[in-house]
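Here is a friendly walk through one protein model, meant to be read with the coordinates open beside you.

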Amino acid sequence: MSGVRGRRAGLAVVIAGLAAAACAPGEPETISRETFVQTYVALRAAELRSSEAVIPDEDRERVLAEMGVSEEDLLAFAEVHGDDVLFMEAVWTDVQNRLVELSSRPDTTG
């Protein structure tokens with residue numbers, strides 16, 4: 001029995017080591033760029049549908065829950081990548097393009 005346990009423990013250590021090696025050294029894990037963009041677009045779309053000047057708290061919480069993202073996740077993404085001007089410029093261009101695409105779709109709720 002102890003041989004099986006030892007192999008399982010060794011396998012767990014190898015898997016943990018591989019997972020750690022897959023992460024960029026010195027860079028904290030954050031949500032993916034795609035998740036950030038999708039979430040930001042969903043939040044902005046909810047804000048635009050609102051009659052208020054800002055997204056209501058309950059709408060923000062609903063969108064974040066639907067996306068499986070927290071405000072802390074969004075802030076961590078911005079904190080980790082914020083100094084990379086070219087990367088963030090591409091992120092905001094992607095957000096803007098998706099919002100334009102959403103606004104140009106015909107209204108089918110009618």
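## About the model

This is a predicted model, in which local features need pLDDT of at least 70 and side-chain atom pairs count only at pLDDT 80 or more, while totals for chains, interfaces and linings use all residues. Residues are numbered from 1 along each chain as its sequence is written, and side-chain values use heavy atoms, with hydrogens and water left out.

## Overall fold

The protein chain holds 5 helices and 0 strands, and its pattern along the sequence reads α-α-α-α-α. Helices (H or I, at least four residues) and strands (E, at least two) are DSSP runs, numbered from the N terminus.

Of the 110 residues in the protein chain, 20% are buried. Here buried means under 20% relative accessible area, exposed means over 50%, and partly exposed lies in between (1.4 Å probe, protein chains only). The accessible surface comes to about 8,100 Å², with 56% of it belonging to carbon and sulfur atoms; these areas come from the Shrake-Rupley method with a 1.4 Å probe, and for residues only the protein chains shown count as cover. Among contacts (heavy atoms within 4.5 Å) with a separation of 6 or more, 67% join residues 24 or more positions apart.

## The nonpolar core

A nonpolar core is a set of buried Ala, Val, Leu, Ile, Met, Phe, Trp, Tyr and Cys residues joined through side-chain atoms within 4.5 Å. The largest one has 16 residues, and Ile31, Phe36, Leu43, Leu74 and Phe77 touch the most other members. Two or more residues come from each of helix H2 (33-49), helix H3 (57-67), helix H4 (71-81) and helix H5 (85-104). Helix H2 gives the most, with 5 residues.

To see one of these members up close, select Ile31: leaving aside residues up to four places away in sequence, Ile31 touches Phe36, Val69, Asp73, Leu74 and Phe77.

## Salt bridges

The whole structure has 6 salt bridges, each a side-chain nitrogen of Lys or Arg within 4 Å of a carboxyl oxygen of Asp or Glu. In one of them, Arg98 pairs with Glu34, with the closest N and O atoms 2.8 Å apart. This pair links distant parts of the chain, 64 residues apart, with Arg98 in helix H5 and Glu34 in helix H2. Arg98 is partly exposed at 24% relative accessible area, and Glu34 is partly exposed too, at 35%.

Glu71 and Arg60 also meet through their side chains (3.3 Å, N to O). Glu71 sits in helix H4 and Arg60 in helix H3, 11 residues apart. Both Glu71, at 36% relative accessibility, and Arg60, at 23%, count as partly exposed. Within helix H3, Arg62 and Glu66 form a salt bridge (3.3 Å, N to O); being 4 residues apart, they are separated by about one helical turn. Arg62 is partly exposed at 35%, whereas Glu66 is exposed at 56%. Shared partners also join Glu34, Asp94 and Arg98 into one salt-bridge network.
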